Amino acid sequence: MKYTLYIRRGQLINDDPQKRCYNGCYFKSHIEWSDWELWIRDYFFSTKEAAAYNASLFVRENQQFKVVEVKE
């Protein structure tokens, strides 16, 4: 079996009607997530654990990874 990684990124949206920002922080905000997309094209992992480990190396608070089994 082969596995690959999908990623989606979050974007911080300012919800404040007055668009206030204090020292780079919005008064009221939320995160909108993008659609899932293939992270690395034409590269596959041999085990699910290897794919999850590589995802853990690159994870940040504004992005999410998921491991997907590739069906041949």
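Three aromatic pairs turn up in this predicted model. In one of them, W39 and F65 have ring centres 4.9 Å apart and planes at 75°, so the contact is edge-to-face. W39 sits in the loop between β5 and α1 (48-58), and F65 belongs to strand β6, so the pair ties together parts 26 residues apart in sequence.

**Aromatic rings**
- Ring pairs link W39, F58 and F65 into a cluster.
- F65 has a relative accessible area of 16%, so F65 is classed as buried; the limit is under 20%.
- W39 has a relative accessible area of 24% and is partly exposed.
- A pair of aromatic rings is described by the distance of the centres and the angle of the planes.

**Charges over rings**
- K2 lies over the face of F44, 4.3 Å from the ring centre.
- R20 lies over the face of F27, with 3.9 Å to the ring centre.

**Strand pairing around β1**
- Strand β1 covers residues 2-14 and runs antiparallel to strand β6, residues 63-70, with eight bridges joining them.
- R8 has Q64 of β6 as its bridge partner.
- Strand β4, residues 29-33, pairs with β1 in the antiparallel sense over five bridges.
- In that strand, S29 stands opposite N14.
- Strand β5, residues 37-38, also pairs with β1 in the antiparallel sense, over two bridges.
- Here Y6 stands opposite L38 of β5.

Methods:
Residues are numbered from 1 along each chain as its sequence is written. This is a predicted model: local features need pLDDT of at least 70, side-chain atom pairs count only at pLDDT 80 or more; totals for chains, interfaces and linings use all residues. Side-chain values use heavy atoms; hydrogens and water are left out. Two strands pair if DSSP finds at least two bridges between them. Helices (H or I, at least four residues) and strands (E, at least two) are DSSP runs, numbered from the N terminus. Rings of Phe, Tyr and Trp (its six-membered ring) pair if their centres lie within 6.5 Å; planes under 30 degrees apart count as stacked, over 60 as edge-to-face and the rest as tilted. Buried means under 20% relative accessible area, exposed over 50%, partly exposed in between (1.4 Å probe, protein chains only). A charge sits over a ring if NZ of Lys or CZ of Arg is within 6 Å of the ring centre and within 35 degrees of the ring normal.
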